[in-house]
Amino acid sequence: MRRVAIVTGGSRGIGAATCVLLAVEGWDVVVAYRSEAVAAAAVVDRCGAVGARALAVQADVGEEADVVRLFATVDAEPDFGTVGALINNAGIVGAKARVDELSAHRLGEMMRVNVVGPFLCARQAVRRMSTHHGGAGGVIVNVGSAAARLGSPGEYVDYAASKGAIDTMTIGLAKEVAQEGIRVNCVRPGIISTDIHARGGQPDRAERLAGVVPMQRPGKAGEIAAAIVWLCSDAASYVTGALLDVSGGR
Ligand code: NAP
């Protein structure tokens, strides 16, 4: 039976690159997305072109009913096996702002998407993967951020704090399910060239900040995908609870 990976935020950026690389490595792929259906369909086509089964599913990760429906859709898909990997990748940043400028609405949305979402998805995955629940084991990779240790002052401390929560969730959940066949790890990207910067109102951010990176360049989505896919593989069979910085030395 082929293995199935669910990638949240699979329609664009790091998630899209991860979907395609998982497909190349022999996984079937669920491309979960919030609103960009055309982009998600293009990723499905790219996965299919390398021989994988792939399916796009719309789901807002911060909405419990959507997350429950996402996993139920995969359960009901006759061509798919059971879920073997969850990539908790979907995430947002806000506009550049100081803490003394943040609204309660923005803070709520940041935590809903970046923290509650990964928790809800991890909950559904553990219920299927854990040997405690009759599952066959699996892998969860959380996409955190170097921001969790840098703090992002003057830019978005709220985002950095949401990623700090992801570090902690990784450490705690990894220990909680270590004896149940599930490995849980976190990849912490540095500055990566994707749409996320434009959506946060800073389209030139990745190139502008290249000089603060020891390697003097932003990373590429594929360079993060490679780390995620390695953590999903049997080559990482003794790696759990790890926070892996992929940040050009920053
Ligand atoms: P991106 O290009 O903006 O893509 C974001 C993806 O997340 C899209 O597929 C989007 O779906 C999805 N998404 C957003 N909100 C969602 C929601 N509420 N429910 C479901 N899906 C949602 O971002 P990216 O740069 O690839 O970032 C991916 C992850 O890496 C994020 O967790 C981000 O925090 C982290 N990260 C990025 C960087 C960087 O420099 N790029 C650095 C550190 C960490 P739609 O296409 O449907 O909108």
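This is a predicted model: local features need pLDDT of at least 70, side-chain atom pairs count only at pLDDT 80 or more; totals for chains, interfaces and linings use all residues.
Which backbone nitrogen does the side chain of N185 reach?

1. In it, the side chain of N185 reaches the backbone nitrogen of A242, at 2.9 Å.

2. Now place N185. It belongs to strand β6, which covers residues 182–189. N185 has a relative accessible area of 0%. Buried means under 20%, so N185 counts as buried.

3. Next, look at what surrounds N185. Leave aside the neighbours within four places in sequence. N185 is then in contact with I140, V141, N142, T170, L231, V239, T240, G241 and A242.

4. Turn to helix α1 (residues 13–24) and helix α9 (residues 221–232). Their axes come within 8 Å and cross at roughly 50°. That angle makes α1 oblique to α9. The crossing is right-handed.

5. Which residues make this contact? From α1 come G13, I14, A17, T18, L21 and L22. From α9 come A221, G222, I224, A225, A226, I228, V229 and C232. By class, the contact has 11 nonpolar residues, 3 polar and no charged ones.

6. The second pair is helix α3 (residues 64–76) and helix α4 (residues 104–129). They pack at an angle of about 35°, and their axes are 9 Å apart. Here too, α3 passes α4 in a right-handed crossing.

7. On the α3 side, E64, V67, V68, F71, A72 and D75 take part. They meet L120, C121, R123, Q124, A125 and R128 of α4. This contact has 7 nonpolar, 1 polar and 4 charged residues.

Technical notes. Residues are numbered from 1 along each chain as its sequence is written. Side-chain values use heavy atoms; hydrogens and water are left out. Helices (H or I, at least four residues) and strands (E, at least two) are DSSP runs, numbered from the N terminus. Buried means under 20% relative accessible area, exposed over 50%, partly exposed in between (1.4 Å probe, protein chains only). A polar contact is a pair of N or O atoms within 3.5 Å; within protein, one must be able to donate a hydrogen and the other to accept it, and residues adjacent in sequence count only if both atoms are side-chain atoms. Contact means heavy atoms within 4.5 Å. Axes are lines fitted to C-alpha atoms, for helices over the stretch in contact, and angles run from 0 to 180 degrees between N-to-C directions. Angles under 35 degrees count as roughly parallel, over 145 as roughly antiparallel, 65 to 115 as roughly perpendicular and the rest as oblique. A crossing is left-handed if the near helix is turned anticlockwise from the far one by less than a right angle, and right-handed if clockwise. Ala, Val, Leu, Ile, Met, Phe, Trp, Tyr, Cys and Pro count as nonpolar, Asp, Glu, Lys and Arg as charged, and the others, Gly among them, as polar.
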